[in-house]
Amino acid sequence: MDWNDLRFFLAVARTHSLTRTATKLKVSQSTVSRRIGALESSLQTRLFIHHQTGYFLTDAGQKVLQYAEEVERKILSLESGVSGLDLRPAGKVRLATAVTLASHLIIPALPRFTARFPDILLEIITGVNTVSMSRNDADLALRLIRPEQDSLKIRKVGSMASAVYGTETYLQQYPAPESHPLEGRGFITWDTSYSHLPSSKWLNETYPNTPSTLVTTSVVSQISAVKANLGLAVLSCFIASQHHDLVKVIPTEKVFSEDIWLVSHPDLVASSRVRAVADFLVEIITETQLT
């Protein structure tokens, strides 16, 4: 049975006319007749008797009318109950991102987001290496490496620049000629398990013989070590700019920038809560000086 045929059945039962039903449903009279015939064939029973004064229900038709009206009530109830729900952003959104972006970019801006969308619960997952968008582990991802899956919706939303930083105190303690700014100076470096990170790769490839003064496993530790005058470090510019005692030793043009990618599922594009989070991420990336 084609449930859409019930719509034609109900209209004929109420108007007693193929012509008036055709006008009401904006179709041809032959379409109405064909739909009624299809419903009668699928039920293997006659639903209407055609008199000169119109179409009237048989006993079987009266029984079908009860079921059809119940179906109609449920459909209308569904429409009224659901209509507009997704226009009011509400519910949980799981966001996967790097701990650097979560701690220094997203979380500080969340009071503004919460004030704007109080009914959205944001879950931030920073273990991005174990999060799979294709397995639906997250609704959105903000990543520094472009995913390869063609099934995902991917767009570049900005870039994040890095530079070499130190404190004025450290630079004065270990002076170096302007042409060789790293001469006699050491670096806060990453543990070998983090050698895949762009900052670690850049340092190992560009200055492979620079001595390490401390090995760490987090950006927070690196910032603390630089502020403690233990050495230089490759840091994201927007993070370093939050610490006024840090100064650039090697500028971004001689270091690197990373593209920022917003990743989502195509089937969640219509979700107002997911769109709200995605738009907010783009907003704060755009207004934050990441370069």
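Predicted model: local features only at pLDDT ≥ 70, side-chain atom pairs only at ≥ 80, totals over all residues.
Residues are numbered from 1 along each chain as its sequence is written, and side-chain values use heavy atoms, with hydrogens and water left out.

**Stop 1: α1 and α2**

Select residues 5-15 for helix α1 and 18-25 for helix α2. Helices (H or I, at least four residues) and strands (E, at least two) are DSSP runs, numbered from the N terminus. The two helices pack at an angle of about 125 degrees, with axes 9 Å apart; axes are lines fitted to C-alpha atoms, for helices over the stretch in contact, and angles run from 0 to 180 degrees between N-to-C directions. That makes α1 oblique to α2 (under 35 degrees is roughly parallel, over 145 roughly antiparallel, 65 to 115 roughly perpendicular, and the rest oblique). Show side chains for R7, F8, A11, V12 and T15 of α1, and for L18, R20, T21 and L25 of α2, which make the contact (heavy atoms within 4.5 Å). By class, these residues divide into five nonpolar, two polar and two charged. Here Ala, Val, Leu, Ile, Met, Phe, Trp, Tyr, Cys and Pro count as nonpolar, Asp, Glu, Lys and Arg as charged, and the others, Gly among them, as polar.

Now click on K26, in the loop between α2 and α3. K26 has a positive phi, near 60 degrees, and is not a glycine. With 77% relative accessibility, K26 counts as exposed; buried means under 20% relative accessible area, exposed over 50%, and partly exposed in between (1.4 Å probe, protein chains only).

**Stop 2: α5 and α10**

Next, select residues 99-116 (α5) and 272-287 (α10), which pack at about 125 degrees with their axes 11 Å apart. This pair is oblique too. On the α5 side, look for L105, I106, A109, R112, F113 and R116; they meet A276, V277, F280, L281, E283, I284, I285 and E287 in α10. The contact has 10 nonpolar, no polar and four charged residues.

Stay in α5 for T100, which is buried at 13% relative accessibility. Beyond residues up to four places away in sequence, T100 touches L105, V219, S236, F238 and I239.

**Stop 3**

Move to T189 in strand β7, residues 187-190. T189 is buried, at 13% relative accessibility. Apart from neighbours within four places in sequence, its contacts are L203, S212, L214, V215, T216 and Q222.

Then pick T213 in strand β8, residues 212-216. At 41% relative accessibility, T213 counts as partly exposed.

**Stop 4**

Finish with residues 219-227, helix α8, where V219, Q222, I223, A225 and V226 are buried. They sit on the same side of α8 because they cover an arc of only 165 degrees around the axis, taken from the directions from the helix axis to the C-beta atoms.

Which residue with a positive phi follows α8? Select N229, whose phi is near 65 degrees. N229 lies in the loop between α8 and β9, and is partly exposed with a relative accessible area of 24%.
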